[in-house]
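Subject: Structure handover

Dear colleague,

I am passing on the structure we spoke about, and I would be glad if you could read the notes below with it open beside you.

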Amino acid sequence: MYKTKDGKEIFILDGHTHFWDGSPENQANIHGKQFIECFYAYHTNLSPPDQLWEKSRFEKYSEDDIYRDLFIDGPDDMAVIQSTYLRDFYKNGFSSIERSTEMASRHPERFIVNGAFDPRDGEKALEYIHYMKENFNIQGVKMYTAEWNGESQGWALNDPAAYKCFELCDKLGIRNIHVHKGPTIIPLSKDAFDVHDVDHAATDFQNLNWIVEHCGLPRLDDFCWIATQETNVYGGLAVALPFIFSRPRYFGEVIAELLWWIGEDKILFGSDYAIWTPAWLVERFWNYQIPEDISSERGGIQLTDEIKEKILGLNAAKLYNIDPVAKLKELNAAPIQIAAE
Amino acid sequence: MVLEIQQSELVSAVWGTLEDVTDPELDEPITDMGFVERVEVADARKVEVDFRLPTYWCSPNFAFLMAFGIKQEIARLPWVREITVTLRDHCFGEQINAGLNSDRAFSEIFAEHCGGENLEAVQLKFQEKAFIRRQETVLLALQHRGYSPGQIVSMTLKEFDQVEFQGGEESRQKPRYRSLLIERNLAREPGDPVFPTWQGERIPPDNLRKHLGDLRSVRINMEFNGALCRGLKSTRYKEVEISADGPTLVDFIHDRVPPDPSASTGR
């Protein structure tokens, strides 16, 4: 919970976090090494200097670390943990549902662990979705359309094989489909950039919520266009938000575009932990105002306290069927358990 | 000694031509971005260039566009007979380098490695982005100076040439905007309007604000990449160490060499 200067309690649901193992022991090859190094470069470049971590801790952090960074030092009330396998790069997967669930089982009231699947696995992908539903009762998944799989270096949400998987998700009530559409960590000539497949999938699966992580940046205009047309498309702020420190004017331009096009009800906070920690992000976001000249170009749009509260937790709470008031009460009644370190 | 002087002149000439190669996504010279790592000239005819991008994962089509640009610009130097361009530390490095240093047509290599994409179409797309970014900078500067929408949209090439900016990004972008305008045949005569759209259409004064909004959204995307690239590059190059033989020209260009007060010779 974030407490404002006048004592108001703000519910924080961090929509995009990870519990990964990018350590050398888990790296399968040079790609695995370069992948975590690229993440670390994001961390070192967009974090305030006093928030920098050592590389070894960044590669693999402990269960105590994540709990402390999100909930003790950080203001998060709850966090969505995403699974990302990158099976061609990491021996046991980069952040597996099993490992994340085991970590989360210490504090189940605070975590939502999402699964992941790869439609290119065909029948096996369908079996795996059943497995995740039965064993972990997942409510959402993270899709990484640029993931390598053998010869293939990417797929699209509207591929026929993907549609079979989404039909099953719909049937099983796995409603929140987080899609990585953002900076090209893994290069593809066009698909990794392109957000148009979201348009098709969102139209064809109206029951599912499509949360586009990183707001499709660097394709913000395409994303805004699609998200404006489709009522079930949302924008996740991960990676866009850290610019609030290094380039606050630029962040103002991005958030003004998002508010103008897709509106305050469809923007979700995500720290992208452990690339960044929520404490400084939320603090700066709460105290941020869009510069006057940028706001006036977009009809005087501004980040009010009400809008910030929606972005920081209320919007995501709706997607995950959480009652923020009841949740805050529950968490306040059971004080944070500080692990012995 | 004479040979050495000539050698360094040739290397400088190569560096000079590389200033005309831009990162297609950022519209910034690759030399300003610090992507070029090594330039060597052998026998006054063979040129070798190594370059490295901000991350191992930078999109291969950008890598190709830059590599082709490097080859093309260097080939303009009359004395050059052989060019070898090497992309370092990239996930597709091997394939890219093999394609680059073969005798095959750029368009063919590009299509093979970039999902069948048409090289010319991709180049044109990025040229449009560059145009948009340069135009926005100049338009905003004129607006800031108090020019009315009517004055701006009816401004001719001749009037444009008479405008003088005092430094800042607009001073840098003004000649760059002009050269692209001429190159694309969007304005030719002194009386031609200087602010058409990329499609060559005139902007009605009432539409200037909307037009600027469109330009802004393109620039927001470009800046996202630019900010990340600059940041990632600075981290990646931190690991570069100056070799035992002392700093090279590249080290000086990249500001890797701290000023040495005892040094008497300028480089």
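The notes that follow begin with how to read the model and then turn to what was found in each chain.

This is a predicted model, in which local features need pLDDT of at least 70 and side-chain atom pairs count only at pLDDT 80 or more, while totals for chains, interfaces and linings use all residues. Residues are numbered from 1 along each chain as its sequence is written, chains are lettered from A and ligands numbered from 1 in the order in which they are written, and side-chain values use heavy atoms, with hydrogens and water left out.

Chain B has eleven helices and five strands, where helices (H or I, at least four residues) and strands (E, at least two) are DSSP runs numbered from the N terminus. Of its 267 residues, 51% are buried, a word that here means under 20% relative accessible area, with exposed meaning over 50% and partly exposed in between (1.4 Å probe, protein chains only). UniProt, in an unreviewed entry, places the feature "domain: MIP18 family-like" at residues 13–85 of chain B; such positions are given in the numbering used here, the feature names are shortened, and annotations may be inferred rather than shown by experiment. Over residues 13–85 of chain B, the chain is 36% helix and 30% strand, and the end C-alpha atoms lie 16 Å apart.

In chain A, A:Ser83 sits in the loop between strand S4 (78–81) and helix H4 (97–104), and it counts as buried because its relative accessible area is 0%. Setting aside residues up to four places away in sequence, A:Ser83 touches several residues, including A:Ser95, A:Asn114 and A:Lys142, where contact means heavy atoms within 4.5 Å. A polar atom of the A:Ser83 side chain lies 2.6 Å from the backbone oxygen of A:Asn114.

A:Lys327, for its part, belongs to helix H14 (residues 324–333) of chain A, and it is classed as buried because its relative accessibility is 12%. Its side chain reaches the backbone oxygen of A:Glu109 at 2.8 Å, and, leaving aside neighbours within four places in sequence, A:Lys327 is in contact with A:Phe11, A:Met78, A:Glu109 and A:Ile322.

Is A:Trp225 buried or exposed? A:Trp225, which is placed in helix H8 (residues 220–229) of chain A, counts as exposed because its relative accessible area is 52%.

Technical notes. A polar contact is a pair of N or O atoms within 3.5 Å; within protein, one must be able to donate a hydrogen and the other to accept it, and residues adjacent in sequence count only if both atoms are side-chain atoms.
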